[in-house]
Amino acid sequence: MVKIDTRTIYMRKSINEALNKIWEYPLTVVEAPMGYGKTTTVKEHLKKNQAEVLWQTLLDESITVFWNGFCRLFRRLNPDAAASLAGVGVPSNSVFLEEAVGIVEGIQFPARTTLVVDDYHLLSSTDVDRFFELLVRAEIPNLHIVIISRSVFGENAEELALKGYCWVIDKSYFVFSRDDIIEYCRLRGVILNTEEVNFLVSYTEGWISAVYLCLLGYLQDGRIEHQVSLYELIEKVVYRRISAEARELLLTICIFDNFTLEQAEYMWHQENVETLLRQLAANNAFIRYDQAAGTYYMHNIFTSYLRKLFNRLSLEQKKAVWNRAGKWYVNVGECIHALDYFYKTADFNNLLAAIEFDKGNSIWSEHKEKLIRYFGDCPVKIKREHVQACLIYAINLFSFNEMELFAEQCEEIGRYIEALPEEMEYEKNQLSGEFELLCIFTKYNHITGMYEHIQRASCLLKRPSEFIDKNGSWTFGSPSVLYMFYRESGQLEQEVQEMNESIPYYCRLTDGHGLGAESVMQAERYYYTGDFENAEITLYKALYSARSQGQTAIELCALFLQLRLAVVKGELAYVMNNLRQTREEIKHRGLYEYLHTWDMCEGFVFTYLNMAKKAPAWIVNGDLQGQSILFPSYAFFNIVWGKALLNSGQYLKLIGLAETFVDHASVFPNLLGLVYTYIYEAVAKSKLGHQEKARLSLEKALAIASPDQVVMPFVENGEYLAAMLAEVEAGGHYLELISRIRGIFPSIEKNRKTMAAELSSGGSKLPLTEREWTIAELITAGMTNRAIGTKLHIAEVTVKKALQNIFAKLGINSRTALARIIIEHRTD
């Protein structure tokens, strides 16, 4: 076979000029249908211009797989940043978006660094679109992004182009004109007559892949045949001309979008695999080898043709290939791909075995639907033989908030374990113990019910649980243990005692998971009843216990309580330093899943100080951040959001939302959520002049809190409640509780006002020059560096230098953070 080097025509003058603009824009979108040479053209241009290239080719629609590969791109430039990006995970909400963009902004990129994402159309993710849009708007020095896609990039591509952020190279740049076709053929030593040229122009419509195939046929046969379809051309001039062995190899590996030599050797048990692949890559423009990546790539057109042939094979032949592919992915630790192939073959035995081998670590929320489908179709007989896989599936259902399916799965698992034969007594006891731990979640929030399952598990398990992840969040993202488990009015002290009794047993079974939770709950009870001294003493015990077992979720609860005690004392410097230090420590340790937890802590502090504008914007806006906030934490989120609404005087909105807040807090229930909601509702109604309705709402809160003398929700909102509490007291109701509130409130309120005033005056000015302030304002308005330079009649490089100075002065590293600070100071 004669090989055609198509690079010359790809790099013709018009496309060169278009690609040269890559370094003039933060983003270049290369958009054209399959087969127009997008990938090869970009790759050759970047190579010719000696760019620093970070290249990622997408293989499927998996957002998680994309993100893992994206993070790996930065290892060579900044290993710490790559690890931090991986820790953030897919930026599915504003918190993670800001963190991810900030991490990339912190990387020092060499000149002409070009980040290329090929086959971007496979993702169809608004989250990833938004991430790239923010990266582009950040105008990171020396970083240029190239998106190669068959479809339009994102919803805002046109806006990005209009604002000067984006350069679009569309299909028109890749279509061969009549003169291009003649020149391409001439360069290959072929002079066509007018009729032949006319046919090529009409038949190919300027499509390079079709031109290539027609010319290849001409070089083989000395004439251009009028084929019916592109596949017929591939059949004639490519597929028929390779050996039978090579055809068999290609049909075996065409199920992959790309593959390594080891992968091909695993799939096709022949000794000459490497020789065949080298020959195919050397003699065929549809197959190329990337030496740096150690990977073979087949062109999409050729892959489509081969898969059409593959689909004609017998079902048994296809199953053999799919099964082999599944085993390959198990061997390399990519469980989710293995599951897909085993499902194709209906090999549920290997499918469940793969889940057990992986322990569910490859399963993410995006895989929920397929996982439910796989288990739904799996025969009961096989599930009975893989109870461990069923346990892993059940845990995932709980994390997916699929509670009905979770309950059904628990019932199934119970039947499977019960049916195990007597001679498997040890395995049966161990699985029964694991099952009892799983059943804890069926009694979530009810300490007595949970403790019963813990005790039963303790009698059965002979080794620590394999299904409870010690490093998982014990609190579901909540910053308070007492909030989670205070469920019955008048029983708070008893609930704390039950927690003290049950946690040590649970920790022994789970290798320390949740250690310190009992001390946190006890310390929080002291706080909420106004015993601040014992609260502080007990929280130190909680901190020591949590840190000894790496229980970050419990540690954050203790640190949050420590902050609240500092607020009570009026220690603003301590509060601000610890808010910042804890956030930095979370990032430093790569525990980005806890950023939402700490945001709620920060939001609580700032809204208590009546400074909601300094709280995280997503909380102030009531954005639950998709799946990043788990349902058990909703009611605590509402506590913070409700106070933000009070701060901003949105009383009608607060009253309208109160019913939803009550619904969220009533599920388990979470009594603190109810108490705060009724207080906020009372304040809002009072502000609107509905005094009788306000008093009734306040009495609902007092009725819940009074039996346990829970005073702090009222103290924290005392500035709004004085008149209403006096009215209730005059009626002879809740006298002891109101008396305690009156006793605690004055000194705490004095400290609150002092801190609020100090915080407000201390941050009223930014250390920026007049020019820097102007540039910061324009950046906040969404202008590019180039546009700012034009508006201010200064060079773009001057804008970049000024921006670096602004970042250094404010201790930030992103335009997003700068915009937030500017907006905040506008309202001071």
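This is a predicted model: local features need pLDDT of at least 70, side-chain atom pairs count only at pLDDT 80 or more; totals for chains, interfaces and linings use all residues.

**Exercise 1. Check the length of helix α22, then work out how covered the helix is.**

Solution. Start with the length. Helix α22 takes in residues 387–399, which makes 13 residues. The expected span is 1.5 Å times one less than the number of residues, so α22 should span 18 Å. The C-alpha atoms at its ends are 19 Å apart, which agrees.

Next, the cover. Of the 13 residues in α22, 10 are buried, so call the helix mostly covered, with under 20% relative accessible area as the cut-off for buried. The buried ones are V387, A389, C390, L391, I392, Y393, A394, N396, L397 and F398.

Then ask what does the covering. Among the elements over those buried residues of α22 are α19 (348–358), α20 (368–377), α21 (380–384), α23 (403–418) and α24 (425–439).

Last, look just past the end of α22: N401 has a positive phi of about 65 degrees.

**Exercise 2. Run the same checks on helix α32.**

Solution. For burial, the count is 14 of 14 residues, so α32 is mostly covered by the under 20% cut-off. After the helix comes N610, and its phi is positive, near 60 degrees.

**Exercise 3. Which residues touch the most other members of the largest nonpolar core?**

Solution. This core has 267 residues, and the ones touching the most other members are F70, F132 and F714. Helix α30 (residues 552–569) gives the core its largest share, 13 residues. As background, nonpolar side chains in soluble globular proteins tend to be buried together.

Now zoom in on F714. Skip residues up to four places away in sequence, and F714 touches V675, I679, L698, A701, L702, A705, L721, L737 and I741.

**Exercise 4. Describe how helices α35 and α36 pack.**

Solution. You need two numbers here, because a packed pair is described by the angle between the axes and the distance between them. For α35 (residues 651–666) and α36 (residues 671–687), the axes come within 9 Å and cross at roughly 165 degrees. Angles over 145 degrees count as roughly antiparallel, so α35 is roughly antiparallel to α36. The crossing of α35 past α36 is left-handed.

Who makes the contact? On the α35 side, the residues are Y651, L654, I655, A658, F661, V662, A665 and S666. On the α36 side, they are G673, L674, T677, Y678, Y680, E681, A684, K685 and K687.

Follow up with H664, which lies in α35. Its relative accessible area is 17%, so H664 falls under the 20% cut-off and is buried. Leaving out neighbours within four places in sequence, H664 contacts F631, Y634, A635, N638 and N670.

Finish in the loop between α35 and α36, where P669 is found. The peptide bond joining F668 and P669 is cis, with omega about 0 degrees.

**Exercise 5. Where do R112 and D511 lie, and how exposed is each?**

Solution. Take R112: the residue isn't a glycine, yet its phi is positive, about 60 degrees. R112 sits in the loop between α6 (94–105) and β3 (113–118). Its relative accessible area of 37% makes R112 partly exposed.

On to D511, a residue other than glycine with a positive phi near 60 degrees. Its place is the loop between α27 (492–509) and α28 (517–528). With a relative accessible area of 47%, D511 is partly exposed.

Conventions:
Residues are numbered from 1 along each chain as its sequence is written. Side-chain values use heavy atoms; hydrogens and water are left out. Helices (H or I, at least four residues) and strands (E, at least two) are DSSP runs, numbered from the N terminus. Buried means under 20% relative accessible area, exposed over 50%, partly exposed in between (1.4 Å probe, protein chains only). Contact means heavy atoms within 4.5 Å. A nonpolar core is a set of buried Ala, Val, Leu, Ile, Met, Phe, Trp, Tyr and Cys residues joined through side-chain atoms within 4.5 Å. Axes are lines fitted to C-alpha atoms, for helices over the stretch in contact, and angles run from 0 to 180 degrees between N-to-C directions. Angles under 35 degrees count as roughly parallel, over 145 as roughly antiparallel, 65 to 115 as roughly perpendicular and the rest as oblique. A crossing is left-handed if the near helix is turned anticlockwise from the far one by less than a right angle, and right-handed if clockwise.
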